[in-house]
Each structure stands twice: as structure tokens, then as C-alpha cells.
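Look at the structure before reading on.

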Protein chains: 2
Amino acid sequence: MYQNKEATPGPAAEICERIWLSIAERKLRPGTRLKEEQLAEVFEVSRARVRQALAMLESDGLVTILPNRGAFVSEPGVDEARDVFHFRRQVEARVLERLMANIADTAIPQLEAHLALEREADARGDTTATIRLSGGFHLLLAELSGSGFLTSTLRDLISRSTLITTMYRRHSHHNCGPDEHAGLIARIRARDLPGALRLMEDHLRHVEDELDLTEDVPVLRDLRDALV
Amino acid sequence: MYQNKEATPGPAAEICERIWLSIAERKLRPGTRLKEEQLAEVFEVSRARVRQALAMLESDGLVTILPNRGAFVSEPGVDEARDVFHFRRQVEARVLERLMANIADTAIPQLEAHLALEREADARGDTTATIRLSGGFHLLLAELSGSGFLTSTLRDLISRSTLITTMYRRHSHHNCGPDEHAGLIARIRARDLPGALRLMEDHLRHVEDELDLTEDVPVLRDLRDALV
DNA sequence: TTCAACATGATTGTCGACATTTTTGTTGTC
DNA sequence: GACAACAAAAATGTCGACAATCATGTTGAA
């Protein structure tokens, strides 16, 4: 998912992308078993490549691999959910600080171009593109900050956020729409770091507040482990 | 490295461990090329397993893989170094909060047992064991906090910290000795969260302050990219 | 009827061989 | 002598087949 410039140029990233989108669109529910051969057949690739993709998804926290058992869509608990959002706020704040401190001339036009894509996808009701572009906006901010570490860290957190939102959302996904992103761009253009930080904080808290993090959803795999 | 209970039970983790230790001991310097066949020969394993290990190390940020070019020991810049320490402080703080909020009866004895191992390794001058156990203490705290997410995140950050320390340290490694860990255990036993947080903060800042983060070290790979 | 041991099927894990790409060394020409 | 094109070598990337492991269904005896 969200492959950046240098890393994962391979075609395995495409498998990741499609699996991730299926998760984001709730076509693949948490706990679902992902059989390698089956995926290889669906995507018309070798099993080795599926394996490779699953390993990537595991490091992103999207799937859980049990040795000799198989891969499953992860089922993060509420504690993990809170931790993820907690650190996402921290990372995104750091991103804004770095971005403001050393902003490139091309940053604003790039952000606006991305925003235009978001609005277009939103207008034509393309939820798949909307989901991807929505996360992509935050990731673009990280890339523009110039820190590869922040970028890869945030990519991980965004993936996890999407899965968590899928599991615990109360109403509609909402998924941070273009309007709030437009506000962020305005603050960045105005070199208003405190304002941007506040907006980002509100933005992310808003997403978290839409979730029902009062109790864990039943975890299938734990049943198994419980009766050992 | 630092393999926790469930994840990476495979023998590939052993390759990671040995490569990581070689990096930590400065036997493998940043920028060093890691040829797959060569590693396979040294460790007497198949090349596929080496490949697997290198992929893990890449996700930990310890090696950088350039497609069709090979794997190299990573060379984090000063900005990345600061980001890593910044988030390590955040994560370790969160770990302490979770640990204090929901502490198990066996936590203190486990920590003390680990501390004993650290002191023993330190006493007999076993730097290899000292390095591993030193990071292991922090990782044990994360495991005791009960959060798999914090644990995996911190493992990543500790690996990166070690590499960064290797690159930018001014004097001796220091590498957070057992004494400071003993202080942390005392605060935890006393249920003194603010005190523990302060100690951890000082502890980590102390490590960072020992580094010379004023300028990037010359990056070999950039020379190549520069003359494109 | 129940439980345990076993046999079968399905699925994951591993390895070696081959294809592709990059790098290095050479040759030939200007 | 320098440079470009080409050829050879080395390294990485990919794939298919086999081995090991786990889940399931069956059979047998208590």
C-alpha cells in the first residue's frame, strides 16, 4: 500500500495494495483466513509472491501469521487501537514540525494536486480511491517532510488505523474528508505551525472519537488458544 | 533480534540476531554490502533464508535493500537519528504508563532476574551479551506492559537506536548500564509513575547526549546516486 | 457411546535451479 | 589515449517441486 518512491518497487506491493483495499472496504473482515494458494490463484501470481506480500502485510500489522497455520486478517484490540492513534498523533505532529521547518517550494502545489484528486474521487463516489487517497494525503505530508523514517512509520500507522476504523467504527467511515485536508494546506501555506498542529490534532481525535473503543470484539483465534 | 514469544520463531531470526550483533559490535560498519551468497556460506544456510533475514532487517531499518543491487547496512542521517530517539522516548513513556496501570505480580521478579543477567554479563566483560541484554531490558518492560504493538514498535526503535549509537557515539558506548535499570525497577516497585517517567526520560536523553549529532557522516551510496 | 490412535488430505515451509539484471572487464574505433 | 559498445561474470530475482506440519475424518477398542 502507499508505496513510496524507492521502497518496494516490486510487484508484490500490488498484492499488498489489493489486499489492503479489500480490508479497507470491509470485503475482507478481521479474522479471515488468507490461504496462500487461493490468493495466488486469484491474483494469478506465484505462491512465493503471495508469501512475500503476506510478510509485508504482517510487518504492517494488517495480517497475523501463525507458523504452520496460516495468515489471518489481524484483529487489533482496543488497547492497541488507542496506542496506534496515540502515536499517530505524535508522528503526524512531528511531520508537521519538520515540514514547516524545511519546506520545499513544490510542497504546496503537490498537496493541492493531491487534494484535487481527493475531491474528484469523492465527487464521483469512488470509495476505493477515496480511502487510498485519504491516507495518501497524510503520507504525502510525511514524504514532503523529507524524513524516510517518519514516512515509513506513518505508513505503518495509517494501515493499522484503517484496519482499526474498519473494526470499531460506529457509523459511517468518514475517513477524514478533503475539507479538513484543505484546512491543513491553508495553515501550512500560512506557515502557521501551531494552527496546523491544532487542526491535525482535532482531525485525528475526531476520527478516533467516531469509534466505539469500549470493548474488544470477540477474537476468533483466542478461542483456539484458550482451549489449549 | 530480541525475538518475542510468538513472532518469528523461525531459524531466520537467528541470522538476524547474528547480523544485528555484528552491527552492534561494529564488526559490520554502516554502508557495508551484505552479499546473499556470502552470508549463506558463512551461516551455512540456504540463500532463501538469508533473503528472508535481510527482509526482516530491512523492516527494522538496520539494512537498506536496493532492488537488483543488494543489501547494505543502513546509514541513518542525523535527522532520522533525532526522530528515532524522539519517538523512543514517547513509546517508552507509554510503556511505563501501561505497565503501571495494569501490572502483573510476576513483573518485578522478572525484571530483577533480567537485571541480574545484565550485571553478570557486565561483570565478566561480555560486551555482546551486555548489548543484547541492555536492549532486552527495555523490551521486557514493553512485553510486561501487555501491548504487542508497543513491543514490536519498541523493538524496531531499539534496533535503530543501536545502529545510530554505533554511528554517532563520541566516546564509549555506555549503552545504558544496569544501574540505571535498577533505578527504574525501584520506581516501578514503588508505583511511582511520575518518577519512573522522569528517570526513563533522563536515561534516554543521556544516551542521546553522548552522541555527536551535529553533522551527517558521509554516505557512500549517495555518492553513486549523486553522479547519475 | 466415548475417547484415543491412526490415516488421509490440505496447507505451509524449504530448497535448488533457472532467468534477469547489474556490474565489471575487454575490445575496437576515433 | 579516451570513449563507446560489447561481452563475460557475478549477483539478485523468480519459480516450481518436494518435504514437513497441521487439520480433519475414520476406525477401533474400552
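Q: Leaving aside neighbours within four places in sequence, which residues is B:Ser145 in contact with?
A: The model is predicted. B:Ser145 sits in the loop between helix H6 (127–144) and H7 of chain B. Setting aside its neighbours within four places in sequence, its contacts are B:Val95, B:Arg98, B:Leu99 and B:Leu150.

Q: Is B:Ser145 buried or exposed?
A: The cut-off for buried is under 20% relative accessible area. B:Ser145 has a relative accessible area of 9%, so the residue is buried.

Q: How much area do chain B and chain A bury between them?
A: The size of an interface is often given as the accessible area lost when the parts come together. Here the contact takes 19 residues from chain B and 19 residues from chain A. Carbon and sulfur atoms hold 60% of the buried area, and the total is about 1700 Å².

Q: Which residues of chain B lose the most area to chain A?
A: Chain B puts 19 residues into the contact. Three of its residues together account for 38% of what that side buries: B:Asp83, B:Phe87 and B:Phe149.

Q: Which residue meets B:Asp83 in a salt bridge with its side chain?
A: Side chains of opposite charge can pair when their charged atoms come close. For B:Asp83 the N to O distance is 3.0 Å, and the partner is A:Arg98.

Q: Which helix gives the most to the side of chain B that touches chain A?
A: Helix H4 (78–101) and helix H7 (148–168) of chain B each supply at least two residues of the side that touches chain A. With eleven residues, the one that gives the most is H4(B).

Q: Which parts of chain A does the salt bridge of A:Arg189 and A:Glu112 link?
A: The closest N and O atoms of A:Arg189 and A:Glu112 are 2.1 Å apart. The two residues are 77 residues apart and join distant parts of the chain: helix H8 (residues 178–189) and helix H5 (residues 107–123).

Q: In which helix of chain A do A:Glu201 and A:Arg205 both lie?
A: A:Glu201 and A:Arg205 form a salt bridge, with the closest N and O atoms 2.9 Å apart. A:Glu201 is partly exposed at 30% relative accessibility, and A:Arg205 is partly exposed at 38%. The two are four residues apart, about one turn of the helix, and that helix is H9 (residues 193–209).

Q: Does B:Glu36 count as buried or exposed?
A: B:Glu36 and B:Arg47 meet in a salt bridge through their side chains, at 2.5 Å, N to O. B:Glu36 is in helix H2 (residues 36–43) of chain B, and B:Arg47 is in helix H3 (residues 47–59). B:Arg47 is partly exposed, with a relative accessible area of 46%. At 19% relative accessibility, B:Glu36 counts as buried.

Q: How many disulfides does the structure hold over all chains?
A: A:Cys16 is buried at a relative accessible area of 2%. B:Cys16 is buried, also at 2%. Over all chains, the number of disulfides is zero.

Key:
Residues are numbered from 1 along each chain as its sequence is written. Chains are lettered from A and ligands numbered from 1 in the order in which they are written. This is a predicted model: local features need pLDDT of at least 70, side-chain atom pairs count only at pLDDT 80 or more; totals for chains, interfaces and linings use all residues. Side-chain values use heavy atoms; hydrogens and water are left out. Contact means heavy atoms within 4.5 Å. Buried area is the accessible area (1.4 Å probe) that two parts lose on being put together, summed over both. A salt bridge is a side-chain nitrogen of Lys or Arg within 4 Å of a carboxyl oxygen of Asp or Glu. A disulfide is a pair of cysteine sulfur atoms within 2.5 Å. Buried means under 20% relative accessible area, exposed over 50%, partly exposed in between (1.4 Å probe, protein chains only).
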